[in-house]
Amino acid sequence: MMELILPGIIILLLVVLVIWFISLYNRFYALKNSYEATLGQIKVALKKRLDMIDQLLGAVKSYAAFEKETFERVTAMRASVGSAGAADIAGLEAESRTILGRLFAVMENYPELKTQATVSELMGAVKNVEDEIARQRYTCNNIAEQFNTMVDTIPSNLVAGIAGLSKLQYLEFEEEISKRPEISF
């Protein structure tokens, strides 16, 4: 009878360890997938912002002479959002904020432009997208924090090491999204 109890205990311990390993492994990948989905949402919001900037450029075009470079930058940025990685998002976000800042400056120089319904609606929509980007960035960084904590702490770091998982990158923008950019012409 004793010969069966010891192997039974060992088998039970192995089963518990395998279940524990699978559980942690699945948690890592659930967090990783959430992180990637949130990055995708940020890309969508950035593209939406760039589309709105393009619309704003069209609305203010008759009031100000924007350089050809501004239109080219918006077009190039819109094209690059889809293939942007976590490291590229901060640069795209900063560049689109700079363009948006220039639009705000034009609006301040042309008060009659502020009263146009189209521009007012677009500016409200841009503010909503700014808020969406801030929320998604916050969510993405929270997911990265959970994942990275699991990579660093015992015993989940053992599973991360065996699975070859490394830390996720935090999204860091140079400035807060709600901060108005400096404008210079």
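Helices (H or I, at least four residues) and strands (E, at least two) are DSSP runs, numbered from the N terminus. The exercises below use a predicted model, in which local features need pLDDT of at least 70, side-chain atom pairs count only at pLDDT 80 or more, and totals for chains, interfaces and linings use all residues. Residues are numbered from 1 along each chain as its sequence is written, and side-chain values use heavy atoms, with hydrogens and water left out.

**Exercise 1. State which helix holds Arg97, and classify its burial.**

Step 1. Arg97 sits in helix α3.
Step 2. The classes are buried (under 20% relative accessible area), exposed (over 50%) and partly exposed (in between), with a 1.4 Å probe and protein chains only.
Step 3. Arg97 has 3% relative accessibility, so this residue is buried.
Step 4. Its side chain makes a polar contact with the side chain of Glu93, at 2.3 Å. A polar contact is a pair of N or O atoms within 3.5 Å; within protein, one must be able to donate a hydrogen and the other to accept it, and residues adjacent in sequence count only if both atoms are side-chain atoms.

**Exercise 2. Describe the surroundings of Leu31.**

Step 1. Leu31 belongs to helix α1.
Step 2. Its relative accessible area is 4%, so Leu31 is buried.
Step 3. Leaving aside residues up to four places away in sequence, Leu31 touches Ile143, Gln146, Phe147 and Met150; contact means heavy atoms within 4.5 Å.
Step 4. Leu168 is 137 residues from Leu31 along the chain, and their C-alpha atoms are 9.9 Å apart.

**Exercise 3. Summarize the chain as a whole.**

Step 1. The chain has 6 helices and 0 strands.
Step 2. Of its 185 residues, 37% are buried.
Step 3. Among contacts between residues at least 6 apart in sequence, 79% join residues at least 24 apart.
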